[in-house]
Amino acid sequence: MPRFFRRLAEGVFDEADLIKRTHELADFIEAASTEYKIDRKQLFAVGYAACFQSSLMLVARRQHVDASQSVITSKVGIGPDGEGGFALEVELHVSIPGLDKATSEKLIEQAHQVCPYSNATRGNIPVTLTVEG
């Protein structure tokens, strides 16, 4: 576990270290955004799509199904939550060429149970899963 998180878990709070590591993370995100030509505001959507695809590949492989041509499109929205704050919502549009809709839906639902992003957001924000094609 990275030192920053271990120290927080132990109840040790070092403000200078926290500030330093926050700047390091911001610098890393900026460099990665520039190198891969990704808008920093889209990183959650990009991360969710990549994570979901890895989860989809895992569950497909377990069932000896080829999902290697799958495409995940993640749309993340933000808006008022009705209580004076803001909330996120996610749409995952999934295409798995060569598979029928029923098989695709089954794999997508299984991937949704495995995906760390899905597990982290479950019960916190609405996530809509849609089979494309």
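**View 1. Lys20, a partly exposed residue of helix α2.** At 46% relative accessibility, Lys20 counts as partly exposed (buried means under 20% relative accessible area, exposed over 50%, partly exposed in between, with a 1.4 Å probe and protein chains only). Lys20 lies in helix α2, residues 15-35; helices (H or I, at least four residues) and strands (E, at least two) are DSSP runs, numbered from the N terminus. Please keep in mind that this is a predicted model, where local features need pLDDT of at least 70, side-chain atom pairs count only at pLDDT 80 or more, and totals for chains, interfaces and linings use all residues. Residues are numbered from 1 along each chain as its sequence is written, and side-chain values use heavy atoms, with hydrogens and water left out.

**View 2. Glu24 and Lys20 joined by a salt bridge.** Here the two side chains meet at 3.8 Å, N to O. A salt bridge is a side-chain nitrogen of Lys or Arg within 4 Å of a carboxyl oxygen of Asp or Glu, and the structure holds 1. Both partners sit in helix α2, 4 residues apart, which is about one turn of the helix. Glu24 is partly exposed, with a relative accessible area of 39%.

**View 3. Lys37 in the loop between α2 and α3 (43-62).** Although Lys37 is not a glycine, its phi is positive, at about 55 degrees. Most residues other than glycine have a negative phi. Lys37 is exposed, with 75% relative accessible area.

**View 4. His64 in the loop between α3 and β1 (71-80).** His64 is another residue other than glycine with a positive phi, near 60 degrees. The relative accessible area of His64 is 76%, so His64 is exposed.
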